[in-house]
Amino acid sequence: MNRKISVAPMMDCTDKHERYFLRLISKNVLLYTEMIVSEAIDRGDKKKLLSFNVKEKPVALQIGGSSPKLLSNASKLGEEFGYDEINLNLGCPSKKVQKNRFGACLLKEPKLVAECLSEMQSKTKIPVTVKTRIGYDDIEDYDNLSNLISLFKTTGVKTFIIHARKAMLGKFTPKQNLNIPPLKYGMVYKLKEEFKDLEIIINGGITTIDEIKNHLNKVDGVMIGRSIYHSPYMLADIENNIFNNTNVPSREEVIKELVIYLKKEIKKGTRMNQIMRHTLGLFHGQTGSSFWKRYLSENMCVRNADVQKIDHIMDKVKFAPQAHSVG
Ligand SMILES: Cc1cc2nc3c(=O)[nH]c(=O)nc-3n(C[C@H](O)[C@H](O)[C@H](O)COP(=O)(O)O)c2cc1C
């Protein structure tokens, strides 16, 4: 599987509608789901939680949890639903997550994690990967990270996504935990030097093509979260510059395709804003992008008016690029 560039799992962001939208722009990136907790998969509506459109593929399912049994069951189900990879979340630092014993707090229990990873791999043939941070609280030395990866490697996991910041458990809000601990890319590069046989993907604070290219000289892949969510057409630059794909659809072509999907989804009961909210940043950086944002903000939440509004979206798109000169 090609993990050169991937879009990070993000709660409330990378749902199936966002992934469908991003896939219209990029053929080559790997997409991740939001984290889904193994207990929820066990008890909840499996179809609702796990079903997705095959056009989104390749897609990795990210799960959270600490029960080897529930995680391995969830992995098996993920494979049955057609996901291409199962990823275990060992990076989320939120208090709620800690209370339920999953995410970054599991870095304190590496043996349990290794047990989970072994069980997960015994139930599925698709790759099981790990997303983690470089450390937590005061534990942020390279040796600790290296020991952790060595242990997880013994279970057969070959791909590690490393968010190059430590997690501050219980101290910071989730937002602070995404911004305050400093990025230490050097530790991720060192991991790749030490574990040449492992696939090491770097994550955290990466925003430009030049940065991506520099990282790709040191590690196997780059995962990007917020900058793609806020500016999804960045994927077009990635297709051009990283995958040499010169056949990327324009923003207008993307919206045209998305409207076809939107109409089908609305018939199934999806609300217009569940899809269109993800496109707010599509014209990011273009003069006139505020038109698009304003138009969507004013129209996509209108109750019972969804279907009638769809064709107006197309009208808006037609003039959106001309909005360059309007400001
Ligand atoms: C809104 C939001 C939700 C997130 N949800 C998850 C999640 O469900 N699972 C996960 O592993 N990381 C989650 N993250 C962290 C991202 O995957 C990523 O590691 C982090 O944003 C750093 O990458 P970036 O600087 O490119 O955004 C989330 C981040 C944001 C901003």
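The crossing of helix 6 and helix 7 is right-handed, where a right-handed crossing is one in which the near helix is turned clockwise from the far one by less than a right angle, and a left-handed crossing one in which it is turned anticlockwise. The model described here is a predicted one, in which local features need pLDDT of at least 70 and side-chain atom pairs count only at pLDDT 80 or more, while totals for chains, interfaces and linings use all residues. Residues are numbered from 1 along each chain as its sequence is written, and side-chain values use heavy atoms, with hydrogens and water left out.

**Helix pairs**

Helices (H or I, at least four residues) and strands (E, at least two) are DSSP runs, numbered from the N terminus.

| Pair | Angle | Axis separation |
|---|---|---|
| Helix 6 (residues 110-123) and helix 7 (residues 142-153) | about 30° | 9 Å |
| Helix 7 and helix 9 (residues 185-194) | about 45° | 11 Å |
| Helix 10 (residues 209-216) and helix 12 (residues 234-242) | about 45° | 10 Å |

Because of their angle, helix 6 and helix 7 are roughly parallel to each other, as angles under 35 degrees count as roughly parallel, over 145 as roughly antiparallel, 65 to 115 as roughly perpendicular and the rest as oblique. On the helix 6 side, Pro-110, Lys-111, Val-113, Ala-114 and Leu-117 meet Leu-148, Leu-151 and Phe-152 of helix 7, contact meaning heavy atoms within 4.5 Å. These residues divide into 7 nonpolar, no polar and 1 charged, where Ala, Val, Leu, Ile, Met, Phe, Trp, Tyr, Cys and Pro count as nonpolar, Asp, Glu, Lys and Arg as charged, and the others, Gly among them, as polar.

Helix 7 also passes helix 9 in a right-handed crossing. Here Tyr-142, Leu-145, Ser-146 and Ile-149 of helix 7 meet Met-187, Lys-190, Leu-191 and Glu-194 of helix 9, and the residues of this contact divide into 5 nonpolar, 1 polar and 2 charged.

Helix 10 and helix 12 are oblique to each other, and helix 10 passes helix 12 in a right-handed crossing. Ile-209, Ile-212, Lys-213 and Leu-216 in helix 10 are in contact with Met-234, Asp-237, Ile-238, Asn-241 and Ile-242 in helix 12, a set that divides into 6 nonpolar, 1 polar and 2 charged residues.

**Two domains**

The protein is divided into domain 1 (5-242) and domain 2 (251-325), with bounds that come from an automatic or database domain assignment. Taken over C-alpha atoms, the centres of domain 1 and domain 2 are 30 Å apart, and their contact takes 16 residues from domain 1 and 15 residues from domain 2. Between them the domains bury about 1400 Å², 62% of it on carbon and sulfur atoms, buried area being the accessible area (1.4 Å probe) that two parts lose on being put together, summed over both. In domain 1, the residues that lose the most area to domain 2 are His-17, Phe-21 and Tyr-233, together 43% of what that side buries.

**Backbone details**

Most residues other than glycine have a negative phi, and most peptide bonds are trans. A cis peptide bond, with omega about 0°, joins Lys-57 and Pro-58, and Pro-58 lies in the loop between helix 3 (46-50) and strand 3 (59-64). Asp-137, although not a glycine, has a positive phi of about 45°, and Asp-137 is found in the loop between strand 5 (128-136) and helix 7.

Conventions
Axes fitted to C-alpha atoms, helices over the stretch in contact; angles between N-to-C directions.
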